[in-house]
Amino acid sequence: METGNYSGVTEFFLVGLSQYPELQLFLFVLCLTMYLIILLGNSLLIIISILDSRLHTPMYFFLGNLSFLDICYTSSSIPQMLVMFMSERKSISFIGCALQMVASLSLGSTECVLLAVMAYDRYVAICNPLRYPIIMNRVLCVQMAAWSWIIGCLNSLVQTVLTMVLPFCGNNIIDHLTCEILALLKLICSDISMNVFIMAVASIVLLVIPLLLIFVSYMFILSSILRINSAEGRKKAFSTCSAHLTVVILFYGSALFMYMKPKSKDTKTSDEIIGLSYGVVTPMLNPIIYSLRNKEVKEAVKKVFSRHLHLLKT
């Protein structure tokens, strides 16, 4: 490889998990299957939330945003990943790498904020049920969703630009499955203290603070649920939160491990596996979790399918 600055680097080589050539076909089939499930499951949730008038509520509006986000997030990386698994020359252009990083980072950041917004929605629904329709009105819901996307995009643009303008000094082998910012920072041969500082601030703002807000929201929610007299009422209240809480644990667990872990525990294989987890597994599980844990979604699915079966018979 030639020595030079970033302008001399026209492509990168993604060699994540390439040390296991015998697993490449298995990983291709596995990721393709999960990607198809992601597209089908999340698309189904979006369609059902639009078609069924009973689901025209703030909770399902945010869930629709989450499903759309997961489709976009996985589509920004999985197709390229599938090509890499079956290709001997695992390359991606400089511009393609930058676009992939800005897309995945913005969508991941947006999901952090959106999950906190969804926790606030559940807090208002359970702790202030009589005022819920007034507080969570359509204008506020749209504004909260829009700001989630705006904050995520701004964070991504800042971090991507500050990374891609630095010199790579000819080092263009990314030891990861995708153009992930942590993997790219390892290739830069100049001072990255500013990047590390901004990433630390972004991790606090987009990971720690939303997670604290979610934790506080669920403390109030739990307190309100425990004050409900009937066991049936407590069960119903908890069921509306259990799916969201499960998604939060899966998403934030892997994200915190990737971005907040001590450097001394940095291992290449674990980064790739955890990256695969929050990049593929979590978006696949989201619609499954919401379908299995939510009675309204299951009823809406049955209603839509029964309607289509009736139309086919007639």
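Guide: Rings of Phe, Tyr and Trp (for Trp, its six-membered ring) count as a pair if their centres lie within 6.5 Å, and by this rule there are 8 aromatic pairs. The rings of phenylalanine 12 and phenylalanine 94 have centres 5.8 Å apart and planes at 25°, so this pair is stacked; planes under 30 degrees apart count as stacked, over 60 as edge-to-face and the rest as tilted. Phenylalanine 12 belongs to strand β1 (residues 11-14) and phenylalanine 94 to helix α4 (residues 94-127), so the pair ties together parts that are 82 residues apart in sequence. Helices (H or I, at least four residues) and strands (E, at least two) are DSSP runs, numbered from the N terminus.

The model is predicted, so local features need pLDDT of at least 70 and side-chain atom pairs count only at pLDDT 80 or more, whereas totals for chains, interfaces and linings use all residues. Residues are numbered from 1 along each chain as its sequence is written, and side-chain values use heavy atoms, with hydrogens and water left out.

Two packed helices are described by the angle between their axes and the distance between the axes. Here axes are lines fitted to C-alpha atoms, for helices over the stretch in contact, and angles run from 0 to 180 degrees between N-to-C directions.

On the side of α6, Ile151, Asn155, Val158, Gln159, Leu162 and Thr163 make the contact, and α8 supplies Asn195, Ile198, Met199, Ala202 and Leu206; contact means heavy atoms within 4.5 Å. These residues divide into 7 nonpolar, 4 polar and no charged. Ala, Val, Leu, Ile, Met, Phe, Trp, Tyr, Cys and Pro count as nonpolar, Asp, Glu, Lys and Arg as charged, and the others, Gly among them, as polar.

Helix α2 (residues 58-75) also packs with α6, at about 25° and with axes 10 Å apart, which makes α2 roughly parallel to α6. Pro58, Phe61, Phe62, Asn65, Phe68 and Leu69 of α2 meet Cys141, Val142, Met144, Ala145 and Trp149 of α6. This contact comprises 10 nonpolar residues, 1 polar and no charged.

Key:
Parallel < 35°, antiparallel > 145°, perpendicular 65-115°, else oblique.
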